[in-house]
Amino acid sequence: MTAERTGAPTRITDVAALAGVSIGTASKALNGTGQLRDSTRQRVKDAAEKLGFVGDARARALSSGRTYTVGMITTDSFGRFSIPVLLGAEDALSAGQMAVLLCDTRDDHVREAHYLRSLAARGVDGVIVTGRSADARPPIDVSMPVVYAFTPSTDEADVSITLDDAAGSALVATHVRSLGRQRVAVVTGPERHRSALRRADGASSVLGSHLVAPPLFGEWSERWGRQAVDVLARQAPDVDAIVCGSDQIARGVCDRLRESGRSVPGDVAVTGFDDWDVMALASRPPLTTVDLRLEELGRVAGQALLALIDGGTAASASVAPTLVIRESTVGV
């Protein structure tokens, strides 16, 4: 009588018998080891799925010398950036049957050191480092594979998967120019931030002589967006489009333009950056913006880490964002 009929736990011997292979071959097929034919490996996996076989993680770890766990270190307590990156990384890592342990350091170096010691003690196979900022950070000092996602390492020898901010802002600048807008302003975040600079540079490279003034740098906030409209009212009152470095700034810009009696997008087209639903969809009107594709970024980071864990190589890469068109530029 089989384990399937009696309700007894399915053993690897049952899987091997159904697949018509030895126990050793079944083990290699399920663990992704050994030199097996693809057809044999698939036959064993099909048998395991049919029988509902669940492997012993402890035995698997002992036989492979791996724990099939990965740590993720983040400074993003709110989860705005780290959660999408985590979801994408899990998609890639689950293909290698890996589990992810998320550790929030809350921007505390002592807490980060504690988590790194804890992850090392657990024997994780690798670490993904991420955060809420695109500014480079010092590398972590661990003796295992590491990939930096969204927040790059200052060490160019490390593998960093980043966002192409300049390409994203070039997309929205090209979009507003395609609408016939002639006098365009750029309003973005703090000049000390890498993403603010690159977003300003990307838009400026497309706008050229249609840029009414040098990019305005300020805060990542609605308040700064409102203030920037007042600045532009004095510097370039006939501005007909404003390219913003974040959705928060763009929402403030829209609010202040409306209060000033100017319609969006009738008088002034407005674009954001980030595609943060809380801001982009709640804005009046909803914002044309840039999707950061953070899940894809996390997926690329997860694939890079898997390659390193398997003893291969991986290279730094940049993920291209995409344009999301809504009513703040094209009306209804």
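A residue counts as buried when its relative accessible area is under 20%, as exposed when that area is over 50%, and as partly exposed in between. Keep that in mind on this tour of a predicted model.

**Stop 1**

Select Asp107 in the loop between strand S2 (99-104) and helix H7 (109-122). Is Asp107 buried, exposed or partly exposed? Its relative accessible area is 45%, so Asp107 is partly exposed. Now look at its backbone: phi of Asp107 is near 60°, which is a positive value in a residue other than glycine.

Next, select Asp274, in the loop between S9 and H12. Asp274 is not a glycine either, yet it has a positive phi of about 125°. With 13% relative accessibility, Asp274 counts as buried because the cut-off is under 20%.

**Stop 2: two cis peptide bonds**

The peptide bond from Val264 to Pro265 is cis, and its omega is near 10°. You will find Pro265 in the loop between helix H11 (247-259) and strand S9 (269-271).

Then move to Arg284 and Pro285, which are also joined by a cis peptide bond, with omega about 0°. Pro285 sits in the loop between helix H12 (277-280) and strand S10 (289-291).

**Stop 3: a pair of helices**

Now show helix H2 (residues 12-19) together with helix H4 (residues 38-51). At what angle do H2 and H4 pack? The angle is about 125°, and their axes are 9 Å apart. H2 and H4 are therefore oblique to each other. Turn the view to follow the crossing, which is right-handed as H2 passes H4.

To see where they touch, select Asp14, Val15, Leu18 and Ala19 in H2; they meet Arg43, Val44, Ala47, Ala48, Lys50 and Leu51 in H4. The residues of this contact divide into seven nonpolar, three charged and no polar.

**Stop 4: the nonpolar cores**

Finally, head for the largest nonpolar core, which has 41 residues. Which residues have the most contacts inside this core? They are Leu93, Leu207 and Leu297. Helix H13 (residues 294-309) gives the most to the core, with seven residues.

Zoom in on Leu207. Leaving aside residues up to four places away in sequence, Leu207 touches Ala173, Val176, Arg177, Val184 and Val186.

Another core, of 21 residues, lies apart from the largest one. To find this other core, select some of its members, including Leu216, Cys244, Ala280 and Leu287.

Conventions: Residues are numbered from 1 along each chain as its sequence is written. This is a predicted model: local features need pLDDT of at least 70, side-chain atom pairs count only at pLDDT 80 or more; totals for chains, interfaces and linings use all residues. Side-chain values use heavy atoms; hydrogens and water are left out. Axes are lines fitted to C-alpha atoms, for helices over the stretch in contact, and angles run from 0 to 180 degrees between N-to-C directions. Helices (H or I, at least four residues) and strands (E, at least two) are DSSP runs, numbered from the N terminus. Angles under 35 degrees count as roughly parallel, over 145 as roughly antiparallel, 65 to 115 as roughly perpendicular and the rest as oblique. A crossing is left-handed if the near helix is turned anticlockwise from the far one by less than a right angle, and right-handed if clockwise. Contact means heavy atoms within 4.5 Å. Ala, Val, Leu, Ile, Met, Phe, Trp, Tyr, Cys and Pro count as nonpolar, Asp, Glu, Lys and Arg as charged, and the others, Gly among them, as polar. A nonpolar core is a set of buried Ala, Val, Leu, Ile, Met, Phe, Trp, Tyr and Cys residues joined through side-chain atoms within 4.5 Å. Buried means under 20% relative accessible area, exposed over 50%, partly exposed in between (1.4 Å probe, protein chains only).
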